[in-house]
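The following explanation is intended to be read alongside the sequence and the model.

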Amino acid sequence: MCCPLARDMRRISGAYYMKRCTQKSHKIDVATFYGYTHVWAASPLRAALQLTIIMSSGSAPTLAVTFIRHGESTDNLRSVWAGWKDAPLSNHGMNQAKAVGQSLSGTRFAAVYASPLKRALWTGQAVQEAQPDPKPPLEVSPLLREQHFGVAEGHPWQWGETPGLTLEDHFAQGLYPVLHERGQKFPEGESLDDLFARAKQAIDELVMPHVWSAAREGKKGVHIAMASHGLCISELVPALLLKDESGIHPGDKYRGLQNTAWTRVTVNVKGTKEGEPLEFSDSDPPKLEVRVTDVNRHEHLADIKRQKGGIGRAGYDPKQKDIRAFFGGAKVQAEDEEGRSESNARDEADVVIE
C-alpha cells in the first residue's frame, strides 16, 4: 500500500465518513452524485484509492446497483465469439477479480448476483468473499449470461462481411462477421433485441424486488452487486434506467466496461424517508428516480500487472487493433491498457449498431 490506511467509520455532522488514506501528498478529487460524494486519491505508487462519503447534504437512494464486468477470461485472449461458451478466468483475470472484490469491500452489499458462466461467477464469488461477515448471499441467475452467439460460439470472428456474400452465405461457409443491426443474430443465437428483453426480465426479477421491499420497510441505502458480462451489462443499465419516471431509453452510451470495471446505478423511490415505511399496492407503485452515478470505474486495476510469460500474448496481431473492440465497450486508447483484453472480447464501442 502507498501509505498506512486508517480504517474507521465515524458519524460527523450527520455524515458517514469512511477514511482510507491520510497521506498529505495525495491529490484528492471529489465528485458528487445524488447524495453520494466519491473521493479518490492519486499518487505515483497508487493511481487511485477510493474513499466514499455519504453526505448529510443529500439523502441516500433507496437502492444502488453495482454492475461488474467479469475478469479476463481465456477466451478474451482469443479472436473467437465467446458468449455462452464457458471459458474460465485466466490467472490474470483472477487477480483482477480479487482486486475488484477488495476495492468494493467497504461497500456493504445486501446480495451479490452472478451469471452462471465461470468468468462472471468467479468474479462474483471474489466480490462476495471480500465482504465482511456476515457475507451477503450469492445468487446465480442465467438471466445475467452474455449474449448467445449460437452456432458462431467458439468460431473465429471477422470485422466485415466478404463482398458478394449474403449473411446466409457467410454462415453456410462458417464465416461469422460482426453484426451491425440490433435485430440481427447468428443461427440459434440471440440478437441485441433478444438480449435487451432478457435484461428487462433480470431487472424485474432480481432488482425491483429490492426496491419495493426497501420502500415498504422504510429503508434507504440498500446496495446489491451484479457480476455479468460487457454486452449484457450494456443492456441491463438501460433496462433499469427505463424505470425512471421519464421512461426515456438512454441509448447505447453505457457500453465500455474494461475487465472487472463497474458501473453504478441508483434507484430512489420518490416520497420515501429513512425509517418511514411506505404503503402502496403492486398495481400502483410510486414513481422512481433512476440515475447513473459511476461508469467504468477501474482504479483497482492500477497495481495489477500481467505476469511475464503468461497466456494471451502469443499470436496477437497488432493489425487487428481496430476490431478488438466488440464486447466490453470503450474505444481503446492505449495498446496495453490494463483491463483491455487483446481480442474482440473487450468492447463494442467501435461497432455501429443501428
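Which strands does helix α2 lie across, and at what angle does it run to β7? Helix α2 (residues 118-129) lies across β6, β7 (111-114), β8 and β9, and its direction makes about 165 degrees with that of β7. Such angles run from 0 to 180 degrees between N-to-C directions, the axes being lines fitted to C-alpha atoms, for helices over the stretch in contact. Helices (H or I, at least four residues) and strands (E, at least two) are DSSP runs, numbered from the N terminus. The model is a predicted one, in which local features need pLDDT of at least 70 and side-chain atom pairs count only at pLDDT 80 or more, while totals for chains, interfaces and linings use all residues. Residues are numbered from 1 along each chain as its sequence is written, and side-chain values use heavy atoms, with hydrogens and water left out.

The sheet itself is open and has 6 strands in the order β8-β7-β9-β6-β10-β11, with mixed pairing. Its edges are formed by β8 (138-140) and β11; each has a single partner strand, so one side of each is left without a neighbour in the sheet. On average, neighbouring strands of this sheet are turned by 20 degrees against each other, direction ignored. Two strands are taken to pair if DSSP finds at least two bridges between them.

The parallel pairings can be followed from β8 onwards. β7 and β8 are joined in the parallel sense over 3 bridges, with Tyr-113 opposite Glu-139 in β8. Together with α2, these two strands make a right-handed β-α-β unit; right-handed here means that, with the strands pointing away from the viewer, the path from the first strand over the helix to the second runs clockwise. β7 also runs parallel to β9, to which 4 bridges join it, and Ala-114 stands opposite Ala-227 in β9. Both faces of β7 are covered, since Ala-111 and Tyr-113 on one side and Val-112 and Ala-114 on the other are all buried (buried means under 20% relative accessible area, exposed over 50%, partly exposed in between, with a 1.4 Å probe and protein chains only). β9 and β6 are parallel as well, joined by 7 bridges, and Leu-63 has Val-222 in β9 as its bridge partner.

α4 packs on the sheet too, touching β6, β7, β8, β9, β10 and β11, and its direction makes about 170 degrees with that of β9. Contact is defined by heavy atoms within 4.5 Å.

The antiparallel pairings involve β10. This strand pairs with β6 over 6 bridges in the antiparallel sense, and Val-65 stands opposite Val-265 in β10. A further 7 bridges join β10 to β11, again antiparallel, and Val-269 has Leu-288 in β11 as its bridge partner. In a regular strand the side chains alternate between the two faces of the sheet. From β10, Trp-262, Arg-264, Thr-266 and Asn-268 point one way and Thr-263, Val-265, Val-267 and Val-269 the other, and all are buried.

Helix α5 (residues 230-241) has 12 residues and reaches 17 Å from its first C-alpha to its last, close to the 16 Å expected, a span calculated as 1.5 Å times one less than the number of residues. In α5, 12 of 12 residues are buried. Their cover includes β6 (63-69), α4 (192-217), β9 (222-228), β10 (262-269) and β11 (288-297).

Aromatic contacts form another part of the picture. The structure holds 7 aromatic pairs, counted where the ring centres of Phe, Tyr and Trp (its six-membered ring) lie within 6.5 Å; planes under 30 degrees apart are stacked, over 60 edge-to-face and the rest tilted. The rings of Trp-81 and Phe-149 have centres 4.9 Å apart and planes at 55 degrees, so this pair is tilted. It links distant parts of the chain, 68 residues apart: Trp-81 lies in the loop between β6 and α1 (91-103), and Phe-149 in the loop between β8 and α3 (167-172). Phe-171 and Tyr-176 have ring centres 6.0 Å apart and planes at 20 degrees, so they are stacked.

Some backbone features remain. The peptide bond from Asp-133 to Pro-134 is cis, with omega near -5 degrees, and Pro-134 is placed in the loop between α2 and β8. Thr-260, in the loop between α5 and β10, has a positive phi near 65 degrees and is buried at 0% relative accessibility. Asn-296 in strand β11 likewise has a positive phi, of about 55 degrees, and is buried with a relative accessible area of 15%.
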